[in-house]
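Let us walk through this model together, one region at a time. Keep the sequence and the 3D view open side by side as you read.

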Amino acid sequence: MEKNFIFNLSSEDTKASGSVTWQSPSNIALIKYWGKTDPQIPKNVSVSFTLSNCNTQTTVRYSPKMSSSDGFDFKVFFDEKENQNFRPKIEQFFERVVEYVPFIRNFQFEIHTENSFPHSSGIASSASGMSALALCLMSIQKSIDPQLSESEFNQKASFLARLGSGSAARSIEGPVVVWGQHPSVYKSNDLYGTKYSGEIHDVFTSFHDTILLVDKGEKKVSSTLGHKLMLGHPFAESRFEQAKDNMSRLIAILKNGELDSFIDVVEREALSLHAMMMTSDPYFILMKPNTLEIINRIWNFRKLSGFHICFTLDAGANVHVLYPDKDKNAAVEFIKKELVSFCQNGQFIEDTVGNGAKLLH
Ligand code: DP6
């Protein structure tokens with residue numbers, strides 16, 4: 001229940017100053033979150049691999065607020081330069097979380113943030129960015145309330161991150177995180193992501209994700225709008241059922257390591273996500289010709305070689321190429337020889353499944 005996350009404090013508790021730094025990863029959904037109701041409640045279960053190289057590093061410096069205003073007092077620096085563009089999103093985040101971390105009204109903050117991946121690469125930074133900020137707020141709470149256990153800390157960090165951006169709920173831990181209630185996943189719920197505690201075959205803990213940057217432009221459709229379009233979408237209910245069924249299938253696959261079935265679920269999910277966008281009102285296509293070219297080449301290569309290489313997509317044109325470590329050499333050679341020429345400026349990012357966010361200081 002939401003009210004379990006409310007933190008009560010006395011004004012004496014917020015006289016301290018300090019600084020905290022978290023590095024938080026991005027994640028790639030295998031089962032896609034698409035459709036939500038207020039406040040950031042998903043319409044279906046989603047599950048992701050936590051990544052490691054794509055991450056956001058955020059330092060929050062805090063000290064007692066000098067002004068007597070009621071508003072939030074913060075400055076944001078992106079790549080060491082003060083940045084106004086991020087203010088509205090952070091302001092909205094603070095408004096959504098203040099009930100649970102009321103101390104944020106008593107402090108003034110300097111938020112310094114940077115991403116490991118190129119700016120405007122078309123890679124969503126909301127998952128890593130919002131989770132990093134949520135973790136920093138949790139560290140401040142912990143400095144006031146040192147008794148907070150690690151599991152309470154992680155749960156609430158994910159809960160807060162979710163209020164910033166749904167997929168951020170899945171960026172606290174790793175290697176596999178579930179968010180959204182599913183009858184067969186222990187402790188799964190809509191309020192925060194949980195580290196998947198079922199059996200995971202070794203093949204998945206060293207999986208690779210090479211992200212092909214097909215189109216680095218600004219997203220034409222924000223995911224917030226996309227989620228809204230699922231409400232009243234003619235295929236919504238079947239889609240939410242499909243995600244639930246795919247999760248049931250994936251539970252077995254995660255355990256037995258059966259890669260052909262893994263590929264089937266993951267590619268089906270990616271294409272269903274885009275099918276939803278293509279059939280919403282208004283409709284839109286986020287794939288580019290090069291996205292399709294890459295998909296076809298992956299299918300061809302897989303058929304001819306038998307290597308277990310597949311793709312997934314987020315709400316954009318970039319392609320995430322997934323493959324197990326045992327197929328790494330062949331996959332990398334294929335990607336460099338056949339796929340990189342379809343990327344904008346030949347850009348791609350090599351990533352692997354990771355274990356979650358790190359407290360740096
Ligand atoms: C397609 O988490 O970006 O990447 O909650 O509005 O911030 P908001 O949406 P966001 O949606 C991500 C959708 C997705 C699929 C996924 O990551 O599950």
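Arg 268 sits in helix H7; helices (H or I, at least four residues) and strands (E, at least two) are DSSP runs, numbered from the N terminus. This is a predicted model, in which local features need pLDDT of at least 70 and side-chain atom pairs count only at pLDDT 80 or more, while totals for chains, interfaces and linings use all residues. Residues are numbered from 1 along each chain as its sequence is written, and side-chain values use heavy atoms, with hydrogens and water left out.

With a relative accessible area of 40%, Arg 268 is partly exposed; on this scale buried means under 20% relative accessible area, exposed over 50%, and partly exposed in between (1.4 Å probe, protein chains only). Leaving aside neighbours within four places in sequence, Arg 268 is in contact with Gln 242, Asn 246 and Arg 249, where contact means heavy atoms within 4.5 Å.

Next comes helix H6, residues 236-256. H6 has 21 residues and reaches 30 Å from its first C-alpha to its last, close to the 30 Å expected at 1.5 Å a residue; the expected span is 1.5 Å times one less than the number of residues. Which residues of H6 are buried? They are Ala 236, Arg 239, Phe 240, Ala 243, Asn 246, Met 247, Leu 250, Ile 251, Ile 253 and Leu 254. Their cover includes strands E1 (18-31), E4 (46-64) and E8 (176-179), along with helices H4 (202-205) and H7 (259-278). After H6 comes Gly 257, with a positive phi near 70°.

Now turn to the open sheet, whose 4 strands follow the order E11-E12-E10-E13 with antiparallel pairing. The edge strands are E11 (310-313) and E13 (348-352), each pairing on one side only. From one strand to the next, the twist averages 25°. Two strands pair if DSSP finds at least two bridges between them, and E10 (residues 208-212) is joined to the antiparallel E13 by 5 bridges. Across this pair, His 208 stands opposite Thr 352 and Asp 209 stands opposite Asp 351.

In a regular strand the side chains alternate between the two faces of the sheet.

H7 lies across E11 and E12 (319-323), running at about 30° to E11. Helix H9 (residues 328-339) packs on the sheet and touches E10, E12 and E13, its direction making about 155° with that of E12. Axes here are lines fitted to C-alpha atoms, for helices over the stretch in contact, and angles run from 0 to 180 degrees between N-to-C directions.

What surrounds the ligand? There are 17 such residues, the closest being Tyr 33, Lys 36, Ser 165, Gly 166 and Ser 167; a residue counts if one of its heavy atoms lies within 4 Å. An N or O atom in the side chain of Tyr 33 is 2.6 Å from a ligand oxygen atom. Gly 166 has a backbone N or O atom 2.7 Å from an oxygen atom of the ligand, and a polar side-chain atom of Ser 167 also lies 2.7 Å from a ligand oxygen atom.

Lys 36 leads on to Gln 40, as a polar contact of 2.6 Å joins their side chains. A polar contact is a pair of N or O atoms within 3.5 Å; within protein, one must be able to donate a hydrogen and the other to accept it, and residues adjacent in sequence count only if both atoms are side-chain atoms. Gln 40 is found in the loop between E2 (36-37) and E3 (41-42), and counts as buried because its relative accessibility is 4%. Beyond its neighbours within four places in sequence, Gln 40 has contacts that include Arg 96, Ser 165, Gly 166 and Trp 179.

Pro 39 is found in the loop between E2 and E3 too, and the peptide bond from Asp 38 to Pro 39 is cis, with omega near -15°. Another cis peptide bond joins Asp 281 and Pro 282, with omega about 5°.
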